[in-house]
Amino acid sequence: AVATGKARPGLDRVMAQTGWGALFAATRCADETASKPDPRMLLELLEELRVPARRAVMVGDTTYDLAMAAAIGMPSVGVTYGVHAPERLLQHGPLALCDDIDALAARLASL
């Protein structure tokens, strides 16, 4: 699933440009629900997909992403190739920090 701070038109544009839309079972945008770091976005996705928070992992590049997950007891993994510095991401207790997509794939495969 995708939980993004983008508005729906922005996410739809990215999905169309990349062809990634079919890879995601559900998406939620900031203009459709409470924005990050409020966890409502994640709660709605978890309910829609019928997945408990403990069985999901939030992958995020901002403290807002990781704070949102922490608020509902969802494990998280921070990625350092995005917005916030590693030191800031670590404040929210992620399982790991990944410096590139290969490290992220390996970490997710190990969960």
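**Figure 1. Contacts and overall build of the predicted model.** Residues 24 or more positions apart account for 35% of the protein's contacts with a separation of 6 or more; contact means heavy atoms within 4.5 Å. This is a predicted model, in which local features need pLDDT of at least 70 and side-chain atom pairs count only at pLDDT 80 or more, while totals for chains, interfaces and linings use all residues. Residues are numbered from 1 along each chain as its sequence is written, and side-chain values use heavy atoms, with hydrogens and water left out. The protein has 5 helices and 5 strands. From the N terminus, the order is β-α-β-α-β-α-β-α-β-α. Helices (H or I, at least four residues) and strands (E, at least two) are DSSP runs, numbered from the N terminus. The C-alpha atoms fill a box of roughly 30 × 30 × 25 Å along the principal axes. The radius of gyration is 13 Å, which agrees with the value near 13 Å for a compact globule of 111 residues. That radius is taken over C-alpha atoms, and the globule rule is 2.2 Å times the number of residues to the power 0.38.

**Figure 2. Surface and burial.** The accessible surface comes to about 6400 Å², and 54% of this belongs to carbon and sulfur atoms. Areas come from the Shrake-Rupley method with a 1.4 Å probe; for residues, only the protein chains shown count as cover. Of the 111 residues, 39% count as buried. Buried means under 20% relative accessible area, exposed over 50%, and partly exposed in between (1.4 Å probe, protein chains only).

**Figure 3. Thr-4 in strand β1.** Thr-4 belongs to β1 (residues 2–4). It is buried, at 12% relative accessible area. Its side chain reaches the backbone nitrogen of Lys-6 at 3.0 Å. Not counting residues up to four places away in sequence, Thr-4 touches Leu-11, Arg-28, Cys-29, Ala-30, Lys-36 and Met-41.

**Figure 4. Val-59 and a nonpolar surface patch.** Val-57, Val-59, Leu-95, Leu-108 and Leu-111 make a nonpolar surface patch of about 370 Å². Patches are made of residues with over 30% relative accessible area and no salt bridge; like charges are joined within 9 Å, nonpolar side chains (Val, Leu, Ile, Met, Phe, Trp, Tyr) within 5 Å. A salt bridge is a side-chain nitrogen of Lys or Arg within 4 Å of a carboxyl oxygen of Asp or Glu. Val-59 lies in strand β3 (residues 58–60). Val-59 is partly exposed, at 34% relative accessible area.

**Figure 5. Leu-104 in helix α5.** Leu-104 sits in α5 (residues 101–109). With a relative accessible area of 8%, Leu-104 is buried. Its contacts, not counting residues up to four places away in sequence, are Val-59, Val-77, Val-79, Tyr-81 and Cys-98.

**Figure 6. Thr-62 in the loop between β3 and α3.** This loop holds Thr-62, and α3 covers 63–71. Thr-62 is buried, with a relative accessible area of 9%. A polar atom of its side chain lies 3.3 Å from the backbone nitrogen of Tyr-64. Thr-62 also touches Val-83, His-84 and Leu-89, not counting residues up to four places away in sequence.

**Figure 7. Ala-71 in helix α3.** Ala-71 is found in α3. Ala-71 is exposed, with a relative accessible area of 55%. Its C-alpha atom is separated by 8.7 Å from that of Pro-37, 34 residues apart along the chain.

Terms used:
Polar contact = N/O pair within 3.5 Å; in protein donor to acceptor, adjacent residues only side chain to side chain.
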